[in-house]
Amino acid sequence: MHLSNFSSTGATQPTHPSFASDEPEIIVSAVMYVILGILIIVGNILVIAAFKTNVRLRSINNTFLVGLAVSDLLVGLVSIPLWIYNSTCNHYKTCSKGNGLLLVYVTLDIFSGCASVLQLTAISIERYLAITRPISHRSYSLWTYYAMIAAAWVFAFVIAGLFPVQYRKWQKPYSIILVTTCFAIPALVILTVYAIIFQTARGTARARVQPSETARRPAPNETKIAMTIALITGLFVIAWLPFFVVNMLGEFCMSCLPPYPYSLRLIRFVKWMHYSNSMVNPFVYAYRNQDMRKTFKRLLCCTCHDLNGLRSSLRTARSPNFVVPENVNVNKELRIDPANLRRNVSA
């Protein structure tokens, strides 16, 4: 077994994964990935729909969030379904012949994962400019920020495109390049930038001159800033670090990993962890925005209303047509008995 059969770095001798014969374990694992995929798709579609429907959300920062949502949406729509298939097909004898589908999965997995990480990096840089250099931030052309978003996509495309080119040729150097450019450097940038942002926010709060009747920003607000930044950086590192550590061990020190089948369970876990970052991103980066929250609620309420209307229409369509018998007086004002009318007139 080679770790990269299950990861996004490829394999020297790729074969379809072979999990333990315990079918309930396979089913539970697949269900967990399905739930994760659904949450990723719903959360990131909400971000994109909110940006499209609410004009107030069409800011520079939210444009970066949409780029992140698109890359995370690819994880839910493409990477997770292909991972579920490749990780279960051998047990059910449904694997396709050859390595074509596996190569497609690995290439797309690299593309979506690397794009997501680089979008997070672009967001951190944009926030750094907005907080530490607000005047310059406002003076930059929109095309500057569009170029940052496009650069993340182009670089992810190039890195992913190299995978089938280097296949079985220079696997180890490619793995090092991938880990360095799609995790190590972005993680270092994100951690450094958010540390500077936090220090700048605290320094601004302490140095701000305010009227005498207004107290300085209370300590809980500074704590909130620290918690937010710790959450952003912590979730990113927690989600991605185990995957890349196990990935590199599988590439350079296979004996360092636990024996089969524990190694397969470890790989399934670290894959679920790094995919989960695409689930939490909409909540960490978007849900904390009050306008975004309100738009989410409105979209969900409209969706529920439309579903209820659709169910009512289906029930009405399934109900048999009600035919009024000719001898039944449905509307007394419109169907008056002539004999009663004559009696009332004569009276």
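# Helices and the spaces between them

User: In this predicted model, which residues line the second largest cavity?
Analyst: The model is predicted, not taken from an experiment's coordinates. About 40 Å³ of space lies in this cavity. The lining is made by Asn44, Val47, Leu65, Leu68, Ala69, Asp72, Asn281, Pro282, Tyr285 and Ala286.

User: Which elements give two or more residues to the lining of the second largest cavity?
Analyst: The lining includes Asn44, Leu65 and Tyr285. Three helices pass the mark of two or more residues. They are H1 (23-53), H2 and H8.

User: How many cavities of 30 Å³ or more does the structure hold?
Analyst: The second largest cavity has about 40 Å³ of space. The count takes in cavities of 30 Å³ or more. The number is 4.

User: Are H2 and H8 roughly parallel or antiparallel to each other?
Analyst: H2 covers residues 60-88, and H8 covers residues 262-287. Their axes come within 10 Å and cross at roughly 150 degrees. Angles over 145 degrees count as roughly antiparallel. The pair is therefore roughly antiparallel.

User: Which residues of H2 make the contact with H8?
Analyst: H2 passes H8 in a left-handed crossing. On the H8 side, the contact uses Ile267, Arg268, Lys271, Tyr275, Ser278, Asn281, Tyr285 and Ala286. On the H2 side, the residues are Leu65, Leu68, Asp72, Val75, Ser79, Ile80 and Trp83.

User: How do the residues of the contact of H2 with H8 divide?
Analyst: Leu65 of H2 is one of the contact residues, and Leu counts as nonpolar. Arg268 of H8 is another, and Arg counts as charged. The contact residues divide into 9 nonpolar, 3 polar and 3 charged.

User: In which handedness of crossing does H2 pass H3?
Analyst: H2 and H3 pack at about 160 degrees, with their axes 9 Å apart. That makes H2 roughly antiparallel to H3. Their contact has 19 nonpolar, 8 polar and 4 charged residues. The crossing is left-handed.

User: How far apart are the axes of H3 and H5?
Analyst: H3 and H5 pack at about 155 degrees. H3 is therefore roughly antiparallel to H5. H3 passes H5 in a right-handed crossing. The axes lie apart by 8 Å.

User: How many nonpolar residues are in the contact of H3 with H5?
Analyst: Phe111 and Leu118 are among the H3 residues that meet H5. H5 brings residues including Met148, Trp153 and Phe163. The contact holds 2 polar and 1 charged residues. The nonpolar count is 21.

User: Which helices each supply at least two residues of the lining of the second largest pocket?
Analyst: About 190 Å³ of space lies in this pocket. Its lining includes Leu118, Ala122, Met148, Phe155, Thr181 and Pro186. The helices are H3 (100-132), H5 (142-166) and H6 (171-207).

User: How many charged residues does the lining of the second largest pocket have?
Analyst: Thr121 and Thr181 are part of this lining, and Thr counts as polar. The lining has 10 nonpolar and 2 polar residues. As for charged residues, there are no such residues: none.

Note on methods: Residues numbered from 1 in each chain as written. Predicted model: local features only at pLDDT ≥ 70, side-chain atom pairs only at ≥ 80, totals over all residues. Heavy atoms only, no water. Axes fitted to C-alpha atoms, helices over the stretch in contact; angles between N-to-C directions. Helix = DSSP H or I, 4+ residues; strand = E, 2+ residues; numbered from the N terminus. Parallel < 35°, antiparallel > 145°, perpendicular 65-115°, else oblique. Left-handed = near helix turned anticlockwise from the far one by under 90°. Contact = heavy atoms within 4.5 Å. 1 Å grid on protein atoms, 1.4 Å probe; cavity = no way out; pocket = protein on both sides within 12 Å on 5 of 7 lines; lining within 4 Å. Points joined across faces, edges and corners; volume = space filled by probe spheres on them.
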